[in-house]
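I opened a new notebook page for this one.

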Amino acid sequence: MKTRIEVKTGFFFMAWILYFCTPVIVINGEMNRRKWGVTSFELPPGTYTVRIYFPYIMKPNCGENQVTLELKEGETKYIKYNMPPWMFSKGKITLS
């Protein structure tokens, strides 16, 4: 069984312009640019801080939010990040 974090990024459908922005997922300081949608990271067990944001116009870290989680051997943690329609607010993160 794999140990991993699965991240699903999304946005309010009327904010379709965000489709042209690339989300950034930072895991313990390591920056990963990914398309909107689901992406998975295989990691060893441990404690992780996951920060998500995207560059938009003049703001390089729009919608920034973060969560810290404990990942055990063979466990998969699911993070859902959703950007609300008001562009300069914090993105919503839920963990399961």
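Here are my entries, from the ground rules through the sheets and the core to one threonine.

**Ground rules.** I am working with a predicted model, where local features need pLDDT of at least 70, side-chain atom pairs count only at pLDDT 80 or more, and totals for chains, interfaces and linings use all residues. Residues are numbered from 1 along each chain as its sequence is written, and side-chain values use heavy atoms, with hydrogens and water left out.

**First sheet.** I looked up the strand order and found an open sheet of 4 strands, β4-β1-β7-β8, with mixed pairing. My note on terms: strands are DSSP runs (E, at least two residues) numbered from the N terminus, and two of them pair if DSSP finds at least two bridges between them. The edges here are β4 (37-42) and β8 (92-95), each pairing on one side only. On average, neighbouring strands in this sheet are turned by 20° against each other, direction ignored; the axes are lines fitted to C-alpha atoms, and angles run from 0 to 180 degrees between N-to-C directions. I then checked β7 against β8: they are antiparallel, over 4 bridges. Lys 80 has Thr 94 in β8 as its bridge partner.

I found another open sheet of 4 strands, ordered β3-β2-β5-β6, and its pairing is antiparallel. Because β3 (30-33) and β6 (59-71) each have a single partner strand, one side of each is left without a neighbour in the sheet. Inside it, β2 (residues 24-27) and β5 (residues 46-56) pair over 4 bridges in the antiparallel sense. I noted Arg 51 in β5 as the bridge partner of Val 26.

**Core.** Which residues touch the most other members of the largest nonpolar core? Of its 23 residues, they are Ile 5, Leu 18, Val 50, Ile 52, Phe 54 and Ile 79. A nonpolar core is a set of buried Ala, Val, Leu, Ile, Met, Phe, Trp, Tyr and Cys residues joined through side-chain atoms within 4.5 Å, where buried means under 20% relative accessible area (1.4 Å probe, protein chains only). Two or more residues come from each of β1 (4-11), β2, β5, β6 and β7, and β5 gives the largest share, 5 residues.

**Thr 76.** I finished with Thr 76, which lies in β7 (residues 76-83). Leaving aside neighbours within four places in sequence, Thr 76 is in contact (heavy atoms within 4.5 Å) with Lys 2 and Arg 4. The side chains of Thr 76 and Arg 4 are joined by a polar contact of 3.4 Å. That term means a pair of N or O atoms within 3.5 Å, one able to donate a hydrogen and the other to accept it within protein; residues adjacent in sequence count only if both atoms are side-chain atoms.

Key. Buried means under 20% relative accessible area, exposed over 50%, partly exposed in between (1.4 Å probe, protein chains only).
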